[in-house]
Amino acid sequence: MKDFTAFADLFVWASQKMASIDIDWLPIGALTTIVLLLVLCVLALVFYFIGKFILFRIIRSVVKRTPGYYDDVFVNRKFLRRISYVIPMIIIYQLIPFAIPHYPGWIITVRKLSEVILILFIVTGGFALLDSFYEKYLNTEKSRFKPVKGYLQVVKIVAGFIAAILMLSILLSETPGNLLVGLGAVSAVLLLVFKDTILGFVASVQLSSNEMIMLGDWITVDKFKADGDVVEITLSSVKVRNFDNSYTYVPTYGMLTDSFQNWRGMQESPGRRIKRAVNIHVSSVHFVTEEELQKYRKIALISNYIGSKQLELDEYNSMQTNVPDSLINIQQQTNIGIYRVYLLEYLKSIPTINHEEITMVRQLSPADNGIPIEIYAFSVEKDWEKYEVVIADIFDHILAATRYFDLDIFQTASGSDIRNLNR
């Protein structure tokens, strides 16, 4: 209290000056209280601005000049803003008895509230400091191999629990030890009665702190047949508006215990993936003849490829000696190989494909339904409706172009096909 003697003298002087006013109709007592409270508020604001605009500018300049990496966490905006309230709260706590000396009940109440708010700002400031440290840590190479977010969350939970006990002890005028004993006695009953609420609360904290799910995210939860946008997150459930405009309520705790798919990464990415295949009939695959090569050379997208590839094969074949005269003994192009190259060049030529992402055409293992030729690319359009149009346009062209390469699309024989064979 000695450090605040000068300020206390200021309040005593102001109180004496107000008391010296001799006007019968003026309520000097109430007016004195109002003036002293205004003086207290002004002092708190002055120290708030001093801390925010002067001291913290000094901290910023000192931290930025130091060679350390992690000391930059102290210039985090949230941390500085929350800590800047500490000194004003201490001022209010120490000087409130001089501002309202005739109201002891209010003095106790204001001091309790000041202590609670002071603890709250210190804890949230510490949380901001930990978040700033984590952001810095993510930029280091160590973060790839040694994740620390789980440890920081444990620190936050413990600090929040301790802060809650301290604030309750202040408000209830009980020692923290007595509160802990009382909580231990009723914890079993509380866990039984509020089990779902507690699990939901823990789950919602985990979901939000880990940014696993946010409002507006498109999620898919197969177990609950949910496929749509998140419109509400509560302690008990996550409300999902499905694309058929129905609603599914997924238990919040179930989002942690069961797997779900969040499409936010796709929505924030530069493209939406296309992964679809056409099945080629095995019997239609063959070595191309010279006449077929001449036909394929007229296709602008692959004309240069066919020419360069044929020169490469001719050079290789010319080096082979004492080889029996048979087509199988020389290197030749195939219609399915040229077809794959054409599809790749076609994808590279259309503007609806994001060419900064992976674009490829690959052949998968032959199966009972033919040889799958898979398109793997990323559409510029991510909106569902426009995305489906892009895929349809691409595969319309692919299916129509297949016959041009003397390839057949595999299709399971139907009853009418069998009847036509018997005719």
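Okay, let's start in the largest nonpolar core: it has 33 residues, and Tyr339, Ile373, Ile394 and Phe405 touch the most other members. By nonpolar core I mean buried Ala, Val, Leu, Ile, Met, Phe, Trp, Tyr and Cys residues joined through side-chain atoms within 4.5 Å. Buried is under 20% relative accessible area, exposed is over 50%, and partly exposed is in between, with a 1.4 Å probe and protein chains only.

Who supplies this core? Strand S6 (272-280), helix H11 (290-297), helix H13 (335-349), strand S8 (371-379) and helix H14 (384-402) each give at least two residues, and the largest share, eight residues, is from H13. Those names are DSSP runs numbered from the N terminus: helices are H or I with at least four residues, strands are E with at least two.

Quick caveat: this is a predicted model, where local features need pLDDT of at least 70 and side-chain atom pairs count only at pLDDT 80 or more, while totals for chains, interfaces and linings use all residues. Residues are numbered from 1 along each chain as its sequence is written, and side-chain values use heavy atoms, with hydrogens and water left out.

Now, Tyr339. Leaving aside residues up to four places away in sequence, Tyr339 touches Val278, Ile280, Ile373, Ile398, Thr402, Phe405 and Leu407, contact being heavy atoms within 4.5 Å.

Then H14. Its buried residues are Tyr387, Val390, Ile391, Ile394, Phe395, Ile398, Ala401 and Thr402. They cover an arc of only 125 degrees around the axis, so they sit on the same side of H14; that arc is taken from the directions from the helix axis to the C-beta atoms. Over on the other side of H14, Glu385 and Ala400 are exposed. And what covers the buried residues of H14? S6, H13 and S8 are among the elements that do.
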